[in-house]
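This report describes selected local features of one protein chain.

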Amino acid sequence: MAALPVFRWHLAPDGYATLRQLRARGLRPGGQPVAAQLERPRRRRGPLVAYLYRVDLARPVRPMTAAKWAALAKANAARRTCPSCRRDAGYVIPASLGTCVPCA
């Protein structure tokens, strides 16, 4: 196995992008392997590492289907529903409380 090319922070050549950068462009890696890595040195610990993918091999992000939208809405509604009083709190119930603020 060949070693990955390593670039310093902010010095990666054009044509490479991190997962977040791909997502911001509406792309996904699409099954390609990691092409390179960025390293940001730190003083007392090992370097921070970010993996890079080739932009030319990236594929478009798959669109959300109606079923996925429905599942996401159901999951978000469950996060807002108080388990004690069964009412929609109007906000995501904090895990530290476990119930809505009036019930806590």
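## Basis

Helices (H or I, at least four residues) and strands (E, at least two) are DSSP runs, numbered from the N terminus. The model is predicted: local features need pLDDT of at least 70, side-chain atom pairs count only at pLDDT 80 or more, and totals for chains, interfaces and linings use all residues. Residues are numbered from 1 along each chain as its sequence is written, and side-chain values use heavy atoms, with hydrogens and water left out.

## Residues with positive phi

R86 lies in the segment after α2. Its phi is near 60°, a positive value in a residue other than glycine. R86 is exposed at 65% relative accessibility (exposed is over 50% relative accessible area, buried under 20%, partly exposed in between; 1.4 Å probe, protein chains only).

H10 belongs to the loop between β1 (6–8) and β2 (16–17). For H10, phi is near 70°, again positive in a residue other than glycine. With a relative accessible area of 72%, H10 is exposed.

## T99

T99 is also placed in the segment after α2 (66–80). T99 has a relative accessible area of 15% and is therefore buried. Leaving aside residues up to four places away in sequence, T99 touches C82, P83, S84, I93, P94 and A104 (contact means heavy atoms within 4.5 Å).

## Largest pocket

The largest pocket has a volume of about 210 Å³. A pocket is an open set of points on a 1 Å grid over the protein atoms alone, where a 1.4 Å probe fits, with protein on both sides within 12 Å along at least five of seven lines; lining residues have an atom within 4 Å of a point. Grid points are joined across faces, edges and corners, and the volume is the space filled by probe spheres set on the points.

The largest pocket is lined by 14 residues, of which A12, Y16, Q21, L38 and L52 are the closest to its centre. The lining divides into 8 nonpolar, 4 polar and 2 charged residues (nonpolar: Ala, Val, Leu, Ile, Met, Phe, Trp, Tyr, Cys and Pro; charged: Asp, Glu, Lys and Arg; polar: the others, Gly among them).

## Aromatic rings

The whole structure contains 1 aromatic pair (rings of Phe, Tyr and Trp, its six-membered ring, with centres within 6.5 Å; planes under 30 degrees apart are stacked, over 60 edge-to-face, the rest tilted). The ring centres of F7 and Y16 are 5.9 Å apart and the planes are at 50°, so the pair is tilted. Y16 is partly exposed, at 24% relative accessibility.

The charged end of R40 sits over the ring of W9, 6.0 Å from its centre (NZ of Lys or CZ of Arg within 6 Å of the ring centre and within 35 degrees of the ring normal).
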